[in-house]
Protein chains: 2
Amino acid sequence: MKVNGERFLADLHRLREFGAAGVGKGVVRPAYSEADIAARDWLAERMREAGLRPHFDPVGNLFGLADGPSLLMGSHSDSQPEGGWLDGALGVIAALEVARAAQEAGGPAISVVSFQDEEGRFGVTTGSAVWSGTTPLETADSLTDRDGISFAEARAAMAGRAGDFLDPAQFTGFIEMHIEQGPVMDTSGEKAGVVSDIVGIRDMRITFTGQQNHAGTTPMDLRRDAFQAVSRYNTLINERFRNVVTPRTVWTIGHVALHPNASSIVPGRATFSMQWRDGDSDRLGRMEQIVRDTAEEVAKEMGMELAFGPMLGLEPVAMDARLRAALEAGAEAVAPGNWRLMPSGALHDATNVSRLMPVAMLFTPSIGGISHAFEEDTDEADLVAGLQVLAEAVDRLG
Amino acid sequence: MKVNGERFLADLHRLREFGAAGVGKGVVRPAYSEADIAARDWLAERMREAGLRPHFDPVGNLFGLADGPSLLMGSHSDSQPEGGWLDGALGVIAALEVARAAQEAGGPAISVVSFQDEEGRFGVTTGSAVWSGTTPLETADSLTDRDGISFAEARAAMAGRAGDFLDPAQFTGFIEMHIEQGPVMDTSGEKAGVVSDIVGIRDMRITFTGQQNHAGTTPMDLRRDAFQAVSRYNTLINERFRNVVTPRTVWTIGHVALHPNASSIVPGRATFSMQWRDGDSDRLGRMEQIVRDTAEEVAKEMGMELAFGPMLGLEPVAMDARLRAALEAGAEAVAPGNWRLMPSGALHDATNVSRLMPVAMLFTPSIGGISHAFEEDTDEADLVAGLQVLAEAVDRLG
């Protein structure tokens, strides 16, 4: 097949016009907003023009269906409250162009999808989570956004378009192209990243409770300062993780809340988030043991009470070997020696879809690693290169 | 003179009834509240009964004046929003009893004061700050409380009682008794603490600005995590201060604000408070140099932008040698070998009054070191012991 880079870029720019906002190429197109629904209606029409049959399911996921068994490709077209023009949109429009080129070439059969609410106005990857059975529809319906609007109310705005949930058995696999949303390829100068796995996540809140005291009248040796416990814990974790992690492992203390959080009061309580991500379940488990042991050691050493919150756990998802090999061959054809195999540190719709069928992912570089911001961008030559990798992969899958 | 412990305790319990609240011996009597004004009217009447001439100044400071030149004694009778029964009240009622006993004994001349808004509904030690010239009245008048009420509006509630500001030249010195508000004497079992000096304070906000990033897609070696900078700074400060401090020096990071403070985002900015207290100005200066040098070193090492907020500086105040010696002699007479010389880590009205006349302070123990809480308390035998130390000291001053 022969993909058309100009047509692809024109469609990508056209999609940005729905919710175009902010500086640069910013987009405001949250799930179920007027801009989002208008964009999906436009996409449905472009699918029809490409020879695909548009189909909305009950939660607003939009499919463009080829006849018979087909390979599904796509991503999502909703955006962050203040998002960029490529996050999700790139994967949808690239899939549209590949499906269109395949129709023009007389095969293979490629279907397209734009999942709904990947950006989590209500949950996280809500549309694909419901379709895949990860989240029951009744559970999703009771989720509310920041303004108290429920998922059930929001999706009612698209009820007139909705058919049934699709049977996933008609799809032979799912390929999602996405921007990297990190700085790795922008730093290395590589043109494409074939995803090895989507990392697993562990996330928990930890609370140290010491003794709130006057910051003037309490001698240092009589203090039980909860911030000092957090700082000590952080220092120890950084040392101890070094023995078990790989260069791809990440960990973050992103949230810290001191009580009462005043300059003249020794903090009596500190709650903080501890999150770690890795592609290997065993390693995630070993890290959890270090997290728990270290917190207990610090609590004992510094006279703190210790409480662990419930742990959020998402398992790593390995990419399908056959689909991944096709992407690797495509990448080598388009950018010989200038692509990499890499994990996805972020969640994607592919995580959910992996419950239904084989999945694989392709990354394009993100300038400065910036995403979830108006400034998000990628060189258009790199976007087209990514499209060509997809086409090469599809050709190989036959 | 002969002080009456029962009469003193009865007055102390009677004062608690104004604003009595909460569990145990809690008090809610913030400055200019109905309870505060009623308590001051009652105090004025008790002063009159004791042979003193009550006088309110324009900001609500209440004096009970002896004839001729006199020694001033007292503290404050306003409380924290949720306070205890002794913080301030103890010093006022003890002064009343000593002045009353002195009147009964035919001398010496003791005047009494209850300063207004020591607890800082509007500023910090506002009443004594205005009287001493530390804070100009116009500046104080523009201060507002948490509800947006100005000091000018609040003090208007007492305007009908107000006379002029008193000439401080009529007072030969000022002695303030106060609860320790710390755990030192409760830990050691001592009965009284003669204050050597009120420590100086340095307080500033420090901000590290790194790079806000996705906590999944940003490798550890490409992060500029502002929380990591705070933790590193804290570790280094704790090491480096050890070389310059004494066991009485204290330092605190009591406030930390991360941005955006979310578990899945590498913090791009961290603002935190750095406060340190010591009785020696030179040491405070050496510590400031370490604070600034260490922050700059961490910023350079970790690729952070660094900003220092304005520094709040209050100089240490040494107690007057003659008044302090009288308190020491009194303490030794009442609790031989069972008292200590100690700094005050907290601010007190005496800090302001030291601009006008010689000052000294006496501490009584605080059970568990607790203050600014309903649970604040002291054994009544220790309260009476403190009263006796004051009487012994006044006898010696003649």
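Me: Is the crossing left-handed or right-handed where helix 3 of chain A passes helix 12 of chain A?
Reply: Right-handed. That word applies if the near helix is turned clockwise from the far one by less than a right angle, and left-handed if anticlockwise. By the way, this is a predicted model: local features need pLDDT of at least 70, side-chain atom pairs count only at pLDDT 80 or more, and totals for chains, interfaces and linings use all residues. Residues are numbered from 1 along each chain as its sequence is written, chains are lettered from A and ligands numbered from 1 in the order in which they are written, and side-chain values use heavy atoms, with hydrogens and water left out.

Me: Why are helix 3 of chain A and helix 12 of chain A called oblique?
Reply: Their axes cross at roughly 50° and come within 10 Å. Angles under 35 degrees count as roughly parallel, over 145 as roughly antiparallel, 65 to 115 as roughly perpendicular and the rest as oblique. So this pair is oblique.

Me: Which residues of helix 3 of chain A meet helix 12 of chain A?
Reply: A:Leu90, A:Ala94, A:Glu97 and A:Val98 do, and on the helix 12 side of chain A they meet A:Leu383, A:Leu387, A:Leu390, A:Ala391 and A:Val394. Contact here means heavy atoms within 4.5 Å.

Me: What is the angle between helix 2 of chain A and helix 3 of chain A?
Reply: About 15°, with the axes 10 Å apart, for helix 2 (residues 34–49) and helix 3 (residues 89–105) of chain A. Helix 2 and helix 3 of chain A are therefore roughly parallel to each other. Helix 2 of chain A passes helix 3 of chain A in a left-handed crossing.

Me: How are chain A and chain B superposed?
Reply: By a rotation of 180° with 0.1 Å of shift along its axis, at an RMSD of 0.2 Å. The two copies are thus related as by a two-fold rotation axis.

Me: What makes you say that the copies meet through the same surface?
Reply: 100% of the interface residues of chain A are also interface residues in chain B, so the surface is the same.

Key. Axes are lines fitted to C-alpha atoms, for helices over the stretch in contact, and angles run from 0 to 180 degrees between N-to-C directions. Helices (H or I, at least four residues) and strands (E, at least two) are DSSP runs, numbered from the N terminus. Copies are superposed by least squares on the C-alpha atoms of residues with pLDDT of at least 70 in both.
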